[in-house]
Amino acid sequence: MRTDELDFELPAELIAQTPTEKRGESRLLHYQRGDRSIAHRRFGELPGLLRRGDLLVFNDARVIPARFTLRKETGGLVDGLFLAEEAEGVWRVMLRNAGAGAVGKKLAFEDEGIGTRILKQADGGEFVLVVDDRRPAVEILNEVGRMPLPPYIQRSRRHDDRDEEDRRRYQTVYAKTPGAIAAPTAGLHFSEELLAALDEAGVQKAFVTLHVGVGTFKPMTVEELSQHLMHSEAYSIDAEAAEALNRAKSEGRRIIAVGTTAARVLESQLDEPFAARSGETAIFIHPPYRWKHVDGLITNFHLPRSTLIALVAAMVGLEEQRRIYQAAIGERYRFFSYGDAMLIE
């Protein structure tokens, strides 16, 4: 399959720059594979659309404020994105505008003045920083960082009122396990009230963890999907989630993934019963794909030529994916991380 088959034209004004005023107020495109029908609804209608006994599987990863700004000794600014803490005070990061001969350069976090030094440069814009402050990276980032919004959402390099709002809204209400550098955005639509309404409707819940990495949102640059090297991300399933999943499967109830990240965790498991485990997954779901565990999907509208839209095409078929997206564009749905959602069943 060619990568350009996942391309589409999107008017720039449909890229959501802010979330809805309240969670659950976004629009919901409801697609039913049985009759290929499309209906336009509100996300708050979800409890009435699902069946009693359906099991929703959420990704409870917590986003850390991974974006930061460094200042060079010359005064210039360097944009950074935290990727991992390799050892005490040693960070793996992505840097933009580091300049030529970056290794050995001294920089400082703009807001707090904490010193750093570039230890080495790797491929793909990655660097290793030595940070003078030896506190855990998450603790420092909570002070100096900003939420790692994708570049298509315009924000200041500095802390402001929008940054405070993003810290609240670019995070699910059930976020628990810190480590993600991008939000599992399908979950952003759920409020505490909506979760309670789902409980009343008899819809069950389970939580897994997948720490979303920067590779999730990178467009594919190869000509053929088979040539794409999929990134790897850490996940975990605890005993409670495994038991809920096994019970749903044994009773013939539907398992609906909330987001592509939850879907990837589930489909990474073997056909045998689910078990509590942690690991890494580099599963790349694209047409043609035989789904083992996931019966339905709640997801946002994704970037063209991304692994995420490939996953959607694997669930509904390429031609239907194109038709659904054209319908969403025609109805002026809001796209990407802060945008509207879709229910596929």
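Start your tour at the second largest cavity, whose volume is about 90 Å³. A cavity here is a set of points, on a 1 Å grid over the protein atoms alone, where a 1.4 Å probe fits but cannot get out, and its volume is the space filled by probe spheres set on those points, which are joined across faces, edges and corners. Select Pro-19, Thr-20, Arg-169, His-189 and Tyr-338: of the 13 lining residues (those with an atom within 4 Å of a point), these are the closest to the centre. The lining has three nonpolar, seven polar and three charged residues.

Before you move on: this is a predicted model, where local features need pLDDT of at least 70, side-chain atom pairs count only at pLDDT 80 or more, and totals for chains, interfaces and linings use all residues. Residues are numbered from 1 along each chain as its sequence is written, and side-chain values use heavy atoms, leaving out hydrogens and water.

Next, click on Tyr-170. Together with Phe-335, Tyr-170 has the most contacts inside the largest nonpolar core, which has 69 residues. Such a core is a set of buried Ala, Val, Leu, Ile, Met, Phe, Trp, Tyr and Cys residues joined through side-chain atoms within 4.5 Å.

Now select Ile-309, which sits in helix α7. Is Ile-309 buried or exposed? Ile-309 is buried (under 20% relative accessible area; exposed is over 50%, 1.4 Å probe, protein chains only), because its relative accessible area is 0%. Beyond four places in sequence, Ile-309 touches (heavy atoms within 4.5 Å) Leu-6, Phe-8, His-302, Leu-303, Gln-321 and Tyr-325.

Methods. 1 Å grid on protein atoms, 1.4 Å probe; cavity = no way out; pocket = protein on both sides within 12 Å on 5 of 7 lines; lining within 4 Å. Nonpolar A, V, L, I, M, F, W, Y, C, P; charged D, E, K, R; others polar. Helix = DSSP H or I, 4+ residues; strand = E, 2+ residues; numbered from the N terminus.
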